[in-house]
Number of protein chains: 2
Amino acid sequence: MATIYDVARLANVSAKTVSRVLNEDGPVGPRTRQAVQEAIAQLGYVPSNAARMMRSNRSGLVGLITGAITAAQEPTHPAGLPDLLIVQGIQRVMADQDMTLMVADTGGRADRIPRLVRTFLEHRAEGLIYVADYHQRVRLPPVAGSTPLVLANCFDDAGTPAVLPDDRRGQHDLVARIAAAGHRRIAYLTLREDMVATSLRSLGYRDALAEAGLPFDPRLVQVAYLSDGEEDSRILVEAIDRLLELPDPPTVLCCGNDAMAMRVYGILRSRGVRVPEDMSVAGYDNHRIIAETLYPPLTTVELPYRDMGQRAAERLLACISGQGRDEPTPTLVSGPVLWRASVTDRPAANPRHISFNGRSEP
Amino acid sequence: MATIYDVARLANVSAKTVSRVLNEDGPVGPRTRQAVQEAIAQLGYVPSNAARMMRSNRSGLVGLITGAITAAQEPTHPAGLPDLLIVQGIQRVMADQDMTLMVADTGGRADRIPRLVRTFLEHRAEGLIYVADYHQRVRLPPVAGSTPLVLANCFDDAGTPAVLPDDRRGQHDLVARIAAAGHRRIAYLTLREDMVATSLRSLGYRDALAEAGLPFDPRLVQVAYLSDGEEDSRILVEAIDRLLELPDPPTVLCCGNDAMAMRVYGILRSRGVRVPEDMSVAGYDNHRIIAETLYPPLTTVELPYRDMGQRAAERLLACISGQGRDEPTPTLVSGPVLWRASVTDRPAANPRHISFNGRSEP
DNA sequence: CGGTGTCATGTCACCGATGACATAGGTGGG
DNA sequence: CCCACCTATGTCATCGGTGACATGACACCG
């Protein structure tokens with residue numbers, strides 16, 4: 001690859017003059033500039049960032065560490081790739097700032113993180129972002145040096161700047177909206193209990209009930225986590241059957257995520273329960289391919305991954321420029337409720353108790 | 001950040017000796033090595049890749065350009081993010097080779113590509129990969145210099161090395177398997193006709209019919225592309241209704257992708273047609289969150305994105321090392337048929353003609 | 001006991017760009 | 001008319017590593 005000296009020789013000027021043309025530094029005569037630009041074009045010269053960096057000490061690089069890319073293939077996370085939307089949001093902000101994003105993937109193995117961090121430090125990344133695939137607590141090895149770190153979709157105990165989804169508020173907004181639509185018996189099928197999102201959303205659910213003046217009925221809350229295996233839908237089936245058999249059954253099922261809602265559609269149909277005529281269903285995540293393609297389209301809450309990425313990027317840039325005071329408060333990001341046809345606006349006051357028998361259709 | 005000279009001073013040796021310890025170059029005395037390592041640890045020293053690169057001329061970087069990350073948000077591509085799996089496959093191979101992947105996103109605007117390429121060249125990336133979000137023909141600006149380029153999920157007219165899904169074979173394998181299961185009337189609901197995948201898969205469909213000794217009936221092939229808008233499901237509904245009204249209706253519907261299959265489930269159910277008892281359904285892509293979560297689970301063809309990424313990465317590495325002769329032949333990658341419960345293994349020989357009336361359930 | 005390796009380490013130049021400073025004309029004010 | 005000043009350009013050192021080569025201290029061999 002051609003160097004600045006090759007250009008200088010071809011244009012019959014000094015390397016410094018070429019540098020001036022490139023960076024619009026000091027004054028350059030019009031015909032000299034012309035000659036230099038022609039030489040650059042002719043040689044296909046592209047300046048070397050490495051050499052530049054040695055003097056300026058600015059790499060223009062930001063490192064991103066995620067388990068997202070690889071984790072998506074693991075059956076552990078059936079939800080798939082939504083966390084990559086975070087990467088998207090980050091990428092966009094960085095591109096606007098002329099920063100280049102370097103992406104590394106843990107391959108699902110946390111023990112690789114130190115090596116990745118080291119690689120980024122070798123490239124003198126100006127900051128690092130760690131993106132988790134779902135809202136969780138993490139414990140990362142300390143980053144050597146003064147390179148700032150921001151956590152996205154996760155947090156730690158060390159007060160590292162973090163950007164998190166506002167699960168409590170999201171579930172609250174959804175349930176509040178559902179209550180406003182006239183529903184009084186609102187069931188909640190939760191994800192695994194040990195997930196951060198589950199406990200936060202449960203709080204949001206109760207917040208909204210209280211605000212709406214509705215009583216909290218523990219029988220309406222069921223843990224119905226589905227991992228990948230098919231047999232696990234048994235848990236979900238049983239949970240739904242229990243709800244349907246209640247003397248005063250719910251008129252709407254809020255699901256832990258959209259994938260669960262999709263299964264719920266199938267299960268309800270196999271019971272002869274129509275969605276939304278007999279039973280409304282709501283999800284969480286706004287996993288669009290599901291929510292928009294299902295029939296009827298699914299009412300859900302946007303999990304604002306892209307916004308979170310954007311906020312994380314902005315927070316990191318603030319840290320890099322040194323302006324951002326290192327407030328340990330996590331940034332909470334909330335998304336809107338997306339009201340679609342899967343939840344009726346005026347539920348029947350007292351829906352008839354629906355009988356069913358096994359999996360056969362009515 | 002500490003330099004090699006800081007380490008040298010602290011360890012009372014020359015910088016070169018530190019370099020030797022780091023790279024296990026020439027011989028170093030045991031106590032000297034010890035002292036150097038302690039100094040490195042104490043200072044948290046990390047060597048600068050930029051400085052290293054200036055001499056060795058090896059950056060260890062590979063540039064990846066994609067519209068994937070941003071395009072996923074656009075409503076144009078309801079399929080979402082599967083192409084990111086390609087990135088995943090690439091990432092894995094590169095990590096194994098101690099290469100760092102730099103990812104840039106076009107934000108859906110092709111006019112940004114030259115700038116991104118330039119950035120990568122400034123960083124002296126040793127090779128570039130362009131990843132498209134669906135199988136298509138592209139036209140990229142030429143990459144200045146001798147930096148090799150590989151196309152993934154797309155191809156051009158210039159003979160640039162490319163890695164592509166074997167759509168023809170995939171559809172063939174699926175239809176062949178379905179025919180082997182005893183189906184004789186196999187319908188095909190295609191994606192948009194102008195897509196590369198559509199024409200290739202149509203060929204595969206006909207290949208398989210011919211092999212199985214089944215006649216080709218043009219009435220069984222319907223263009224049923226669904227873009228994002230809801231009203232477009234009308235096209236799909238009409239296509240299905242036409243098929244159901246045939247005097248000799250199909251026993252199985254092959255869909256252009258899994259998302260379409262998901263809609264087909266809903267439409268069939270609204271017609272009182274049971275899946276798979278009355279009608280089998282197959283998809284394409286193995287979009288796992290759909291295929292595995294639907295009830296019944298969806299028979300589909302794996303679109304081997306991850307493999308494609310891997311192959312693209314390997315091909316690029318071959319180009320970089322100069323071994324790989326620049327064969328302009330595209331690499332075709334095929335994925336397996338995933339046989340699940342949505343297609344019956346022994347269809348009724350002559351399924352009764354199913355009557356329906358509008359959207360009401362039976 | 002001198003020559004010849006080998007080991008352990010140091011010296012120096014160089015990779016490609018740029019900052020600090022120098023220099024050579026031309027221009028205008030006092 | 002001379003000097004201060006601006007414009008256009010060049011010179012040189014430097015950033016942080018590493019390759020090429022040098023050096024000093026032993027050890028081994030004939």
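Trainee: Where in chain B is the place of B:Pro296?

Mentor: B:Pro296 sits in the loop between α12 (288–291) and β10 (300–301) of chain B. Helices (H or I, at least four residues) and strands (E, at least two) are DSSP runs, numbered from the N terminus. The peptide bond from B:Tyr295 to B:Pro296 is cis, with omega near -5°. In chain A, a cis bond joins A:Tyr295 and A:Pro296, where omega is about -5°.

Trainee: What should I know about the model before reading on?

Mentor: This is a predicted model, where local features need pLDDT of at least 70 and side-chain atom pairs count only at pLDDT 80 or more, while totals for chains, interfaces and linings use all residues. Residues are numbered from 1 along each chain as its sequence is written, chains are lettered from A and ligands numbered from 1 in the order in which they are written, and side-chain values use heavy atoms, leaving out hydrogens and water.

Trainee: How do I read burial, and which residues of helix α4 of chain B are buried?

Mentor: Buried means under 20% relative accessible area, exposed over 50%, and partly exposed in between (1.4 Å probe, protein chains only). In α4(B), residues 49–56, the buried set includes B:Asn49, B:Ala50 and B:Met53. They lie on the same side of α4(B), because they cover an arc of only 95° around the axis; that arc is taken from the directions from the helix axis to the C-beta atoms. As a general idea, an α-helix has 3.6 residues a turn, so residues three or four places apart point the same way.

Trainee: What do the buried residues of α4(B) pack against?

Mentor: Their partners are α4 (49–56) and α7 (113–122) of chain A, with contact meaning heavy atoms within 4.5 Å. Look at the ends of the helix too. At the start, a side-chain oxygen of B:Ser48 comes to within 3.3 Å of the backbone nitrogen of B:Ala50. After α4(B) comes B:Asn57, with a positive phi near 65°.

Trainee: Is B:Arg340 buried or exposed?

Mentor: B:Arg340 is buried, at 17% relative accessibility. It lies in the segment after β12 (337–338) of chain B. The side chains of B:Arg340 and B:Asn286 are joined by a polar contact of 3.2 Å: a pair of N or O atoms within 3.5 Å, where, within protein, one must be able to donate a hydrogen and the other to accept it, and residues adjacent in sequence count only if both atoms are side-chain atoms. Beyond neighbours within four places in sequence, the residues that B:Arg340 contacts include B:Glu292, B:Pro297 and B:Thr299.
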